[in-house]
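Have the viewer open as you read.

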Amino acid sequence: MKHKHCVGKVLLRLFLLILCIAFFGAAFYGIKGYRMYREAVAEKSIEEIMEEIRGREDFAKYSELPRFYIDAVISAEDHRFERHPGIDPVAICRALWVDIQAGFYKEGGSTITQQLVKNQLFTQDKLIERKAAEVFAVLDVEGRYSKEEIFELYVNTIYFGRGYYGISDAAEGYFGKVPGQLTDCEIVILAGLPNAPSSYSPDTNRKLALQRACQVLDSMVRNHIITQEELERIEKEVEEEIEDMRLSYALPEEINNINQR
């Protein structure tokens, strides 16, 4: 009985020690993160950054974007976007579990708002204090802008590969269209590109481009945006579109080789 009591005391002390370390660690990186955030907005305020984005000639307003594109991006990137306050604890816990199982940093659990502030205010370095700084910036952005405004700012600044930044630039560059003219299959391709533009571009890797488009479609079925029948229809169109895009990017001698197979 005495032995069990001693073990219990040791475990309690260990638990309290872990709590203290966690508390002081959070406080340490929280302070560093706040300083990083203040330094970033001191150079250029969030309002100035957002106004610069809105002032671009090819800026696409939320009302000009196809509903299918909005649904595809939110479904694939951050399906609780319209419900969370900018930070999604569920996504963070899920990403942490995936990282633990994988044994390396695989998922970050970042929301659309976090990606926006990271791209506009901070470096891409995977630092704990930068993640803490993101939290302060996210709360600032979410307090100033509506979800629609945050979404349009995000899609007008993300990188789509091949030198295209923003949805208007990407729609014109890949398909010769404005965003409102995009078809469902074109939308699915574009919605998947920002996750890894250098890997998912059809002219880089047809197989990965199709795989990523299918992931977007799967997420839309999972979130009850489209049916399984619609997925199958769009998936066939995507496959044909990606093949056409690959041929259009190919050099003449490559096309000859393809036709001779």
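## Phenylalanine 81

In this predicted model, phenylalanine 81 has a relative accessibility of 1%, so it counts as buried, the cut-off being under 20%. You'll find phenylalanine 81 in a loop, the one that runs between α3 (67-77) and α4 (89-102).

Who does phenylalanine 81 touch, leaving aside its neighbours within four places in sequence? The contacts are Ile74, Ile112, Thr113, Lys147, Ile150 and Phe151.

## Threonine 113

One of those contacts of phenylalanine 81, Thr113, belongs to helix α5, which covers residues 112-121. Is threonine 113 buried or exposed? Its relative accessible area is 0%, so threonine 113 is buried.

The side chain of threonine 113 has a polar contact with the side chain of glutamate 142, at 2.7 Å. Not counting residues up to four places away in sequence, threonine 113 touches Glu142 along with Phe81, Gly86, Val138, Val141 and Ile150. Ile150 turns up in the contacts of phenylalanine 81 and in those of threonine 113.

## Confidence

Across the protein, pLDDT averages 84, and 77% of the residues score at least 70.

Two stretches deserve a look. Over residues 102-107, pLDDT stays under 50, and the model has nine contacts there beyond four places in sequence. Residues 251-261 also stay under 50, with four such contacts in the model.

Definitions and conventions. Residues are numbered from 1 along each chain as its sequence is written. This is a predicted model: local features need pLDDT of at least 70, side-chain atom pairs count only at pLDDT 80 or more; totals for chains, interfaces and linings use all residues. Side-chain values use heavy atoms; hydrogens and water are left out. Helices (H or I, at least four residues) and strands (E, at least two) are DSSP runs, numbered from the N terminus. Buried means under 20% relative accessible area, exposed over 50%, partly exposed in between (1.4 Å probe, protein chains only). Contact means heavy atoms within 4.5 Å. pLDDT is the predictor's confidence in each residue, from 0 to 100. A polar contact is a pair of N or O atoms within 3.5 Å; within protein, one must be able to donate a hydrogen and the other to accept it, and residues adjacent in sequence count only if both atoms are side-chain atoms.
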